Amino acid sequence: MALVITVAQQKGGTGKTTLAANLAAALAADRRVAILDIDPQRSLTRWHQLRADRDKPAAAITCSDVSGWRLATELERLKRDHDAILIDSPPRIDTDARLTIRAADLILVPVQPSLPDVWAAEGTLKLATDERRKVAIVLNRVPATSKLRDSIVADLTGRGLTLLHTGIGNRAGFAHAFAQGLGITEAAPRSTGARELRALLDEVMELTR
Ligand SMILES: Nc1ncnc2c1ncn2[C@@H]1O[C@H](COP(=O)(O)OP(=O)(O)O)[C@@H](O)[C@H]1O
Ligand SMILES: [Mg+2]
């Protein structure tokens, strides 16, 4: 049965699409991976188009952007012949987003170390908890040292929330890789960003085992 990971957070620009694309690309090295893009902006779908158009082909990923009433059956269909499904969602909780949270083995909530990001995440965190889903916060674009980061980590863990140990730094490599239809582990496998992404993936696999 496929592992379903939904990336959700009600604020735009926190790194949902980046995280979904990079986890999908890293997993695609040795697994059958599908991405499901339910954000009407379709950034993940466009990333996949760049990937499909590459002169030098990258590992295959199935891409679907089905939404609305066909979403549930599409998800079941994808689960049948893939090992992992990464779902990218819009910056709001609508019917589709609820469905993909309910269907997830793990919900990842990217949060930049700033209070508005933390506040914006609260709705998604509550919904995931109400649905009894496993949910983990991923700190994204984290400065190397930051007092604010430390106080945000203390606040989140103090509320009993799961925070992944691995934070992702603010790294131009993510945008560079994205522009080529790749993940950072493919475009710059020896970079710090790629190391962070692999460590994050290890934690995700550990959490969902
Ligand atoms: N760790 C990171 N380091 C540098 N830039 C990042 C990082 N994560 C995301 N970005 C950039 O931030 C912007 C928003 O990211 P995106 O994944 O599109 O967010 P969302 O899907 O939540 O709206 C993009 O330009 C992306 O390249
Ligand atoms: Mg997005």
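Q: Where in the structure is Val135 placed?
A: Val135 belongs to strand E6, residues 135–139. Strands here are DSSP runs of E with at least two residues, helices are runs of H or I with at least four, and both are numbered from the N terminus. This is a predicted model, in which local features need pLDDT of at least 70, side-chain atom pairs count only at pLDDT 80 or more, and totals for chains, interfaces and linings use all residues. Residues are numbered from 1 along each chain as its sequence is written, while chains are lettered from A and ligands numbered from 1 in the order in which they are written.

Q: What makes Val135 count as buried?
A: A residue is buried if 20 or more other C-beta atoms lie within 10 Å of its own, exposed if 12 or fewer, and partly exposed in between, with C-beta atoms placed from the backbone. Val135 has 24 C-beta neighbours inside 10 Å, so Val135 is buried.

Q: Which residues does Val135 touch, leaving out those up to four places away in sequence?
A: They are Ile107, Val109, Leu125, Ala128, Thr129 and Thr162. Contact is called when two C-beta atoms, placed from the backbone, lie within 7 Å. One of these residues, Ile107, is also the bridge partner of Val135 in E6.

Q: How do you know that strand E5 and E6 pair?
A: Pairing asks for at least two bridges found by DSSP between two strands. Strand E5 (residues 106–111) and E6 share five bridges in the parallel sense, so they pair.

Q: Why is one side of E6 left without a neighbour in the sheet?
A: The open sheet has six strands in the order E3-E2-E4-E1-E5-E6, paired in parallel. Strand E3 (61–64) and E6 stand at its edges with a single partner strand each, so each has one side without a neighbour.

Q: What makes strand E4 mostly covered?
A: In E4 (residues 84–88), five of the five residues are buried. Ala84, Leu86 and Asp88 are buried on one side, and Ile85 and Ile87 on the other, so both faces are covered.

Q: Which strands do five bridges join to E4?
A: Strand E1 (residues 3–7) runs parallel to E4 and is joined to E4 by five bridges, with Thr6 opposite Ile87. Strand E2 (residues 33–37) is likewise parallel to E4 and joined by five bridges, with Asp37 opposite Asp88.
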